[in-house]
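Hi,

Here is the structure I promised to pass on. Please open it first, and then read my notes below.

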Amino acid sequence: MNEAVGLFFIILGLIFDFFGCLGLIRLPDVYNRLQAATKSVTLGTCSILFGLFLFKGLTAAGIKAILATLFLILTSPVAAHALARAAHKSGVKLWSNSVCDKYEEDKNALP
Amino acid sequence: MIRLRWLTGVIIIGILLLMIIYYRLSSLLEWQSLLLERCFFILLLCGFFCLWRILKGPTPADRVVAIDILGILILGFCAILGIPTGRDWYIDIGIAWALQSFISTLALAKYLEGRDFDE
């Protein structure tokens, strides 16, 4: 029973990973790629790790998988935020069909 | 032209997925589960997408994004590898890789901003 549920979670995470990486090669802009890939790949890998926990149970490997899930949820948004800020500061242009750029307005509004 | 590029990409990805699903791929490890072997090779396909973006990316920020995503994916590789082989230490490699990937991503972001590492 546990193994069937774990396999379901692993395949779900695999689908998320696949579409995240498809967005990484398909979308037109750094910021689009970042927001497509980071969120869905993080969720997919967390789902794979939870599936590993369901396979292994409360052993050393299963508890390490839960710890890795927590670590990933905590650190991945930090890395994505730092990358987006660095890309904007280093002068990467937005896509030509982008609607608005709030960070540029905020930087101009500050004294 | 754009439609031709779309069609070419869809055909290439479809052929790779069908190869993964229908053909018996040779593997170095002794896999106990055929389904998990398929899952692992689909994750390797995602890794090749990241490598393509690292090779082709027009700006340095693209490459750093792809390296970050590849570091998260390798944690997934190690998690899947631990199940059919029965070796529990693969997840340790994954945790160490994710930690170093996070630190290197922060350092590269700081470098992209134009600041030095010791600020």
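Let me start with the core. The largest nonpolar core has 55 residues, and Leu83(A), Ile69(B) and Ile80(B) are the ones that touch the most other members. By nonpolar core I mean a set of buried Ala, Val, Leu, Ile, Met, Phe, Trp, Tyr and Cys residues joined through C-beta atoms within 7 Å. Buried means that 20 or more other C-beta atoms lie within 10 Å of a residue's own (exposed is 12 or fewer, partly exposed is in between), with C-beta atoms placed from the backbone. At least two residues of this core come from each of α1 (2-26), α2 (30-56) and α3 (60-89) of chain A and from each of α2, α3 and α4 of chain B. With 15 residues, α3(B) gives the most to this core. Helices here are DSSP runs (H or I, at least four residues; strands are E, at least two), numbered from the N terminus.

A word on provenance: this is a predicted model, in which local features need pLDDT of at least 70 and side-chain atom pairs count only at pLDDT 80 or more, while totals for chains, interfaces and linings use all residues. Residues are numbered from 1 along each chain as its sequence is written, and chains are lettered from A and ligands numbered from 1 in the order in which they are written.

Now the interface. In chain B, 37 residues are in contact with 37 residues of chain A; contact means C-beta atoms, placed from the backbone, within 7 Å. On the chain B side, α2 (34-56), α3 (60-85) and α4 (90-113) each supply at least two residues, and α3(B) has the largest share, 15 residues. That side divides into 25 nonpolar, six polar and six charged residues (nonpolar: Ala, Val, Leu, Ile, Met, Phe, Trp, Tyr, Cys and Pro; charged: Asp, Glu, Lys and Arg; polar: the others, Gly among them).

Two helix pairs are worth a look. The axes of α3(A) and α4(B) are 9 Å apart, at an angle of about 15°, which makes the two helices roughly parallel. For α3(B) and α4(B), the axes come within 8 Å and cross at roughly 170°, so this pair is roughly antiparallel. Axes are lines fitted to C-alpha atoms, for helices over the stretch in contact, with angles from 0 to 180 degrees between N-to-C directions. Under 35 degrees counts as roughly parallel, over 145 as roughly antiparallel, 65 to 115 as roughly perpendicular and the rest as oblique.

Best wishes

Technical notes. Contact = placed C-beta atoms within 7 Å.
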